[in-house]
Amino acid sequence: MQIFYAPGIKGDVFILDENESRHSVRVLRLSKGDPVRLIDGTGNLYEGIITDPDPKGCSVKVKNVIHGFEKRNYFLHIAISPLKNPDRFEWFVEKSVELGIDEITPLICRNSEKKSIRHERINNLIISAMKQSLKAKITRLNTTAAFSDFITRAHKGKLMIAHCDNSLERKGIANTYKKGENAVILIGPEGDFSNEEITSATEKGYIPVHLGPGRLRTETAGIAACHSVYFINQ
C-alpha cells in the first residue's frame, strides 16, 4: 500500500499537495477506490481510499486512524558536524531516519570544514526516508548550532560525546546508556573534536564514549551511534 505525507491533516478528507498528487496519479497510476496510507508527521497513520485522482490535488477519504503508530519508548537526538562532502551527510540523515531518530542538529565544531547544510533538500530527504521506512513521526532538522552554544542548552536524557582520543577514558555506549532512556549524542567532524571541546562537554555533563576500536568516518559514526541506541531498545 502506498504511503503519502499529509501534514496538518484534519477531518475525513485530505487533498494531497501537487507533488504527491502527481506522483500518485501520473507515476504510480493510482485511481479512484485504490487504498492508500497517509502519515502526518506527528505520529499518526491514516488508512483511506482515493476518491478523486486529480494530479493537481488528489483527494483521499480517511477510513481509519492509528494514533501513535510505531511509537518508540525513547527519544534520540544526534548533533553531528556537517561534512565537506554533502552526499555523506545526506546519507547519514537518510539511514538514521530509517533506523529511528527524533532530532538532528548540524553541529559546528572547531575542525568543521563546512559550516552549512542544504536545509530544504535534507528536509525533503527526511520525508522520503520517513515514508520509505514506514515512520509516522517526522525527524526534526534543526538549524546549525555552534558547539559551545549547543552544550550549554538544556537537554533531557543521557548526554554523550563520541570522540577518538585514546588517551582519554571512554566507555562503550552499551555501558553508558540504558534501554528506554532519552539520549543526546555528539558526533565530531573529520579531525574529531578538539581537546578543549571534549573538556568543555564533559564539564557540562557529557559522558565520553567510543564506537568500537576502529576510527570511523563522521557519517559512519553517526549511524553507529544511532544503531547502538536502536539495538539496545529492541
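Quick housekeeping. This is a predicted model, where local features need pLDDT of at least 70 and side-chain atom pairs count only at pLDDT 80 or more, while totals for chains, interfaces and linings use all residues. Residues are numbered from 1 along each chain as its sequence is written, and side-chain values use heavy atoms, with hydrogens and water left out.

So, K131 sits in helix 3. Helices here are DSSP runs of H or I, at least four residues, and strands are runs of E, at least two, numbered from the N terminus. Is K131 buried or exposed? Buried, with a relative accessible area of 19%; the cut-offs are under 20% for buried, over 50% for exposed and partly exposed in between, using a 1.4 Å probe and protein chains only.

Now over to E20's helix. In helix 1, residues 18-27, the buried ones are E20, S21, S24 and V25. Looking down the helix axis, they fall within an arc of 110°, so they line one face; that arc is taken from the directions from the axis to the C-beta atoms. The face turned away from that buried side carries exposed N19, R26 and V27.

And the ends? D17 caps the N-terminal end of helix 1, with a side-chain oxygen 3.2 Å from the backbone nitrogen of N19. Just after the helix, R29 takes a positive phi of about 60°.

Definitions and conventions
Polar contact = N/O pair within 3.5 Å; in protein donor to acceptor, adjacent residues only side chain to side chain.
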